[in-house]
Amino acid sequence: MSMQSGLVSSTPQLRTYAPATDVSVAAPAPRLEIAHAQPVTAPRDLRTEPGPVRFVIIALALTFLSVFVVLPLVVVFASAFSKGIGAYLAALAEPEALAAIQLTLLVAAISVTLNLVFGIIAAWAISKFEFTGKTFLITLIDLPFSVSPVISGLVFVLLFGAQGYLGPWLQAHNVHILFAVPGIALATVFVTFPFVARALIPLMQEQGTQEEEAAISLGASGLQTFFRVTLPNIKWGLLYGVLLCNARAMGEFGAVSVVSGHIRGETNTMPLLVEILYNEYQFVSSFAIASLLAMLALITLVVKTILERRLDQAEVPDGD
């Protein structure tokens with residue numbers, strides 16, 4: 001009887017706690033309904049500006065480009081053709097002009113070839129390996145960007161000039177560096193030093209070493225890995241660096257002016273000849289040579305834009 005009475009007495013306690021549990025679970029429901037009832041506003045686009053502000057910004061940009069880019073190009077071509085197409089072609093057919101064009105193409109070919117080889121090797125070493133002096137090598141690659149081209153030309157004069165460190169030995173062995181093609185090529189190589197390497201280093205660092213390691217683990221040699229794996233992956237970046245290197249090589253003035261000696265018909269490149277003809281008041285001939293350099297700049301700009309699009313497409317994964 002005592003056990004039954006204890007069970008009977010405990011039953012009301014269980015019934016009294018059950019409603020309390022139900023109430024505690026159901027209590028937050030009104031708060032959830034209130035939270036969902038709040039209106040959701042779209043995020044404000046911070047890039048949108050009022051119409052007048054956008055008009056002023058675009059007008060300033062177009063004005064700047066027109067004054068400092070388009071107008072000089074128009075003046076160059078207008079002055080080059082001011083006396084007709086016949087005078088323009090006759091100025092380009094002058095022996096001095098042809099010699100300057102040939103020398104410019106030769107120096108550009110030498111510079112691009114040497115910087116192509118060095119740029120690939122330097123980018124490969126910096127992006128694929130860890131070694132002592134890596135940061136110092138990157139600093140050396142960027143050095144021509146921070147040194148004036150005239151200063152770099154003077155450095156070669158101090159090295160290879162008659163009163164320089166190597167000048168007496170070169171004269172004794174009848175080796176001509178300054179005031180000749182080798183000196184012009186060396187100065188041009190120096191100022192175009194970073195372009196290929198700087199175009200490849202970030203690209204190869206982003207790609208990593210997984211594909212090369214996989215190729216080597218499958219039995220490929222070093223050359224096979226480079227030509228079949230690495231080179232196809234960097235081809236657009238490589239062409240981009242070569243393009244910029246070639247444009248700078250053909251248009252270099254400061255360093256080449258110091259080491260060339262300005263020997264007419266022998267050591268004058270196209271930029272040097274433009275200055276000489278302009279100082280002699282041969283404006284049509286001067287602007288005719290300048291128009292070739294301007295055409296090179298325009299072609300470089302178009303090809304650069306195409307290569308940048310190729311690079312952007314290459315960086316986007318196929319699944320995106």
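Biologist: Among contacts between residues at least 6 apart in sequence, what share joins residues at least 24 apart?
Modeller: In this predicted model, that share is 72%.

Biologist: How many helices and strands does the protein have?
Modeller: The count is 15 helices and zero strands.

Biologist: What makes Met250 buried or exposed?
Modeller: Its relative accessibility is 11%. The cut-off for buried is under 20%, so Met250 at 11% counts as buried.

Biologist: Where is Met250 found, and which residues is it in contact with beyond four places in sequence?
Modeller: Met250 lies in helix α12, residues 222-251. With neighbours within four places in sequence set aside, its contacts are Thr104, Leu105, Ala108, Pro271, Leu293 and Leu296. Thr188 is 62 residues from Met250 in sequence, while their C-alpha atoms are 8.8 Å apart.

Biologist: Why is Asn268 called buried?
Modeller: Asn268 has a relative accessible area of 3%. Buried means under 20%, and 3% is under that limit, so the term applies to Asn268.

Biologist: Where is the place of Asn268, and what is it in contact with?
Modeller: Asn268 is in the loop between α13 (254-260) and α14 (270-279). Leaving out neighbours within four places in sequence, Asn268 contacts Glu96, Ala100, Leu103, His262, Ile263 and Ile276.

Biologist: What part of the whole protein counts as buried, and what does the protein expose?
Modeller: Of its 320 residues, 30% count as buried. The protein exposes about 20,400 Å², and carbon and sulfur atoms supply 69% of that area.

Biologist: How do you know whether the span of helix α3 agrees with its number of residues?
Modeller: Helix α3 covers residues 51-80, which is 30 residues. The expected span is 1.5 Å times one less than the number of residues, so α3 should span 44 Å. Its end C-alpha atoms are 41 Å apart, and the two values agree.

Biologist: Where is the kink in α3 centred?
Modeller: The kink in α3 is centred on Ser66 and is about 40°.

Biologist: Which elements have the lowest and the highest mean pLDDT?
Modeller: Helix α1 (residues 2-26) has the lowest, at 45, and helix α9 (residues 181-191) the highest, at 93. For the protein, the mean is 82, with 82% of residues reaching 70 or more.

Biologist: How many contacts beyond four places in sequence does the model have for residues 1-27?
Modeller: The model has zero such contacts for residues 1-27, and pLDDT stays under 50 there. Where pLDDT is low, predicted coordinates should not be read in detail.

Terms used. Residues numbered from 1 in each chain as written. Predicted model: local features only at pLDDT ≥ 70, side-chain atom pairs only at ≥ 80, totals over all residues. Heavy atoms only, no water. Helix = DSSP H or I, 4+ residues; strand = E, 2+ residues; numbered from the N terminus. Buried < 20%, exposed > 50% of the residue type's maximum accessible area, 1.4 Å probe, protein only. Contact = heavy atoms within 4.5 Å. pLDDT = per-residue confidence, 0-100. Areas by Shrake-Rupley, 256 points an atom, 1.4 Å probe, with all protein chains shown as cover. Bend = angle between axes of the 7 residues up to and from the residue.
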